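Visitor: I am new to protein models. Could you show me one and take my questions about it?

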Amino acid sequence: MAAGATLPDAGWTSDARVMPFAENKVSIDMRPLADADPEPLFSDVYPAMQALGEYNSGLYMVAWAADAPVMYFNKTMLQDAGVEPPPPEGWTVDEFLANLTKVAQPDKQIYGWYGNEDWWAIYVPWMEGFGGSFFNEDKSQVLINSPECVEACQKLADSYVKYNFAIPKGATLTGNPFLMGLAACFIQNRNVCRSIRDVNPEWEWDVCLPPRQPVKHVCGSGTMGTSVYTAAVKNKTEQVSWELCKSVIMPSVQRTLARGYLIIPVLQSMAQDASWYELDPPPHNRDVYLMVMERAITPPMPAGPECGTVYMGAINQVMADAWQEMVVGAVPAKKALDKAAKRINDCIASGGE
Amino acid sequence: MSVSSLASRPRLTKAQRREEITGWLFISPIVLGLLLWTLFPMIASLALSFTDFKMVDTPKWVGTRNYVRMFTRDPDFYQALRVTFSFVAMQLPVGLAVALAGALLLNSGVQGMTVFRTYFYLPSVVPVVATSLVWSWMLNLDFGLVNQLLKAVGLAPVNFFGNPKTALPTLAVMSWFGVGQTMVIYLAGLLNIPPSLYEAAEIDGAGRTRKFISITLPMLSPTLFYTIIMGLIRSFQYFTQAFVLTSGGPMKTTYFYNLMIYNVGFAFLQMGYASALAWFLLVIILILTMVVFRSSSAWVYYESEMRK
């Protein structure tokens with residue numbers, strides 16, 4: 001629609017699109033509208049979620065949910081393998097690797113983890129949790145091949161190449177193996193609850209925090225939200241478009257969305273609001289969805305949009321290729337990440353090529 | 001038409017002129033469509049190939065930078081070419097041979113030929129995405145039919161789409177099962193060969209192989225020529241199955257050239273560079289088609305011509 005100049009005045013977006021839309025003037029900076037708003041709603045939004053909608057001090061998205069991935073686990077599968085289910089604060093990385101190795105019996109289609117390690121919300125927290133960093137301070141270079149990042153990624157890749165408990169890539173082309181009862185663990189957002197409820201499995205399950213890294217416990221994040229597009233300026237509807245956008249964080253709207261298992265409310269004052277807190281499932285560890293917010297980081301963003309981000313574009317593609325090499329080709333993380341770092345740094349240096 | 005015949009072309013009568021105008025009117029929709037939706041976009045994409053165009057802003061002229069980048073700074077370019085050429089080498093000769101073998105079998109006087117002909121043609125009319133998903137189920141590592149059969153005979157299951165060594169050959173083998181359309185074309189060609197040629201050959205003592213080499217192949221050569229050209233063009237544009245099943249993985253072993261164009265244009269939003277890549281693909285296909293055309297005088301036999 002942006003390419004065809006048929007944008008609406010306002011609409012849905014995701015944090016993946018905040019930077020490219022801002023840079024390409026598809027969405028407008030809503031900061032002046034938010035600052036002029038008499039309702040102080042934004043002071044109640046989780047800072048990590050607020051930050052996902054911000055770019056270069058501007059506000060380009062109103063986040064609609066406190067969305068950070070947690071680890072869903074199949075309690076029945078763990079207990080059948082003689083493994084104690086994880087506590088709400090999750091396993092350590094070493095416990096994660098050891099316990100799921102005990103669970104996996106690939107010849108019987110029993111796996112420990114349905115991995116989505118090439119999602120930034122999994123591997124970037126591991127890098128930071130091991131003491132590493134994706135970018136350097138001025139974002140002119142990536143540091144993904146530092147010893148800390150290499151150690152983190154190698155441990156993650158070992159779930160495929162050393163311990164063999166992650167479902168091999170290409171083995172599941174349809175369906176979610178966790179929902180099918182083939183994998184004991186899966187890291188994803190809140191909306192999986194709805195899918196599990198729809199499937200209504202016979203096995204018991206619950207949630208916990210993703211694995212605790214050795215230096216600090218870090219988790220990913222990500223959310224959808226609303227934006228005012230540049231068409232609103234042309235149509236002189238900025239104010240009414242802003243009213244529409246901010247309505248997603250009104251308590252009444254948040255309650256409606258929460259009741260549908262779609263979101264955890266983005267307002268801190270609704271942390272234990274009955275609209276989601278009394279929903280069943282998950283069975284016990286509801287507070288995990290709040291605990292994860294204390295540890296959530298925002299995706300690392302480059303200085304400019306030329307090479308894309310961890311969500312899309314060249315950076316995303318290079319990291320996806322690196323993960324393929326590590327988990328499918330069994331290439332050591334050091335070699336794969338050295339190559340990836342060179343490609344990304346060359347792209348940044350050449351302004352996007 | 002010679003110059004002298006042009007000069008001496010008689011003036012059209014009123015009725016002839018009216019007929020000519022009517023003819024043009026009848027073909028005008030297709031001509032307009034060709035201009036609007038084929039030629040104009042082609043010219044636009046050629047122009048865009050010399051620009052930096054991110055779709056949401058105006059194109060910026062960069063000259064030949066996209067073409068230089070293609071050859072000197074994009075490792076995926078050579079990988080995509082390698083994958084595509086490998087696929088064409090695996091898929092085209094065997095695919096055509098399978099189609100010809102099927103047509104020969106159907107032409108051997110088997111009962112129920114019309115039923116078999118429909119049966120073999122059906123996969124061609126089923127949407128490619130649907131057949132791809134069916135293949136993904138059949139080849140699934142854990143519960144796919146093929147791996148169940150392998151396990152039943154004591155062999156280890158194969159991760160067809162997840163193993164870098166097997167992913168591309170798997171796609172090539174899958175495509176061999178979609179040769180129904182080519183088979184029907186060959187069958188029509190075989191049915192057009194006069195039986196008298198075979199009868200005469202039999203009288204001269206020709207065996208099966210001699211008849212195939214000296215009668216069937218030469219008489220079928222125009223049809224073979226057509227299917228080779230079309231098969232070449234189609235193979236180089238292979239996209240859907242890779243997009244649905246592998247997304248170019250694992251480790252870019254199924255990263256077809258067309259898939260790369262799609263990624264560059266719609267995932268990376270570099271439409272200028274994607275246009276340059278598309279024009280390079282056109283050049284490759286043109287060159288290979290011309291090579292086949294040039295070679296055709298040596299092996300394509302038209303009944304109406306006399307061999308020198």
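Visitor: How many bridges pair strand β5 (residues 70–74) of chain A with β7(A)?
Guide: This is a predicted model, where local features need pLDDT of at least 70, side-chain atom pairs count only at pLDDT 80 or more, and totals for chains, interfaces and linings use all residues. Residues are numbered from 1 along each chain as its sequence is written, while chains are lettered from A and ligands numbered from 1 in the order in which they are written. Strands are DSSP runs (E, at least two residues), helices are runs of H or I (at least four), and both are numbered from the N terminus. Two strands pair if DSSP finds at least two bridges between them; β5(A) and β7(A) pair in the antiparallel sense, and the number of bridges is 4.

Visitor: Which residue of β7(A) is the bridge partner of A:F73?
Guide: Strands of a sheet pair through backbone hydrogen bonds, either parallel or antiparallel. On another strand, β6 (residues 111–113) of chain A runs parallel to β7(A), joined by 2 bridges. There A:W113 stands opposite A:C185. The bridge partner of A:F73 in β7(A) is also A:C185.

Visitor: How many residues of strand β7 (residues 183–188) of chain A are buried?
Guide: A residue is buried if 20 or more other C-beta atoms, placed from the backbone, lie within 10 Å of its own; it is exposed if 12 or fewer do, and partly exposed in between. In chain A, buried residues make up 51% of the 353 residues. Strand β7(A) is mostly covered, and its buried residues number 6 of 6.

Visitor: What is the strand order in the open sheet of 3 strands in chain A?
Guide: The edge strands are β1 (10–14) and β4 (62–63) of chain A, each pairing on one side only. β4(A) meets β9 (residues 224–228) over 2 antiparallel bridges, and A:A63 has A:G225 as its bridge partner in β9(A). The order is β1-β9-β4.

Visitor: At what angle does helix α10 (residues 238–246) of chain A run to β9(A)?
Guide: Axes are lines fitted to C-alpha atoms, for helices over the stretch in contact, and angles run from 0 to 180 degrees between N-to-C directions. Contact means that the C-beta atoms of two residues, placed from the backbone, lie within 7 Å. Helix α10(A) lies across β1, β4 and β9 of chain A, and its angle to β9(A) is about 170 degrees.

Visitor: How far apart are the centres of the two domains of chain A?
Guide: Domain bounds come from an automatic or database domain assignment. Domain 1 of chain A covers 10–67 + 221–270, and domain 2 covers 70–220 + 300–349. In contact are 11 residues of domain 1 and 13 residues of domain 2. Taken over C-alpha atoms, the centres are separated by 28 Å.

Visitor: How many residues does chain B bring to the contact with chain A?
Guide: Chain A contributes 21 residues to this contact. They divide into 9 nonpolar, 8 polar and 4 charged. (Ala, Val, Leu, Ile, Met, Phe, Trp, Tyr, Cys and Pro count as nonpolar, Asp, Glu, Lys and Arg as charged, and the others, Gly among them, as polar.) From chain B the number of residues is 23.

Visitor: Is B:S221 buried, exposed or partly exposed?
Guide: B:S221 sits in helix α11 (residues 208–236) of chain B. Leaving out residues up to four places away in sequence, B:S221 touches B:W299, B:V300 and B:Y301. Around B:S221 there are 16 other C-beta atoms within 10 Å, so this residue is partly exposed.
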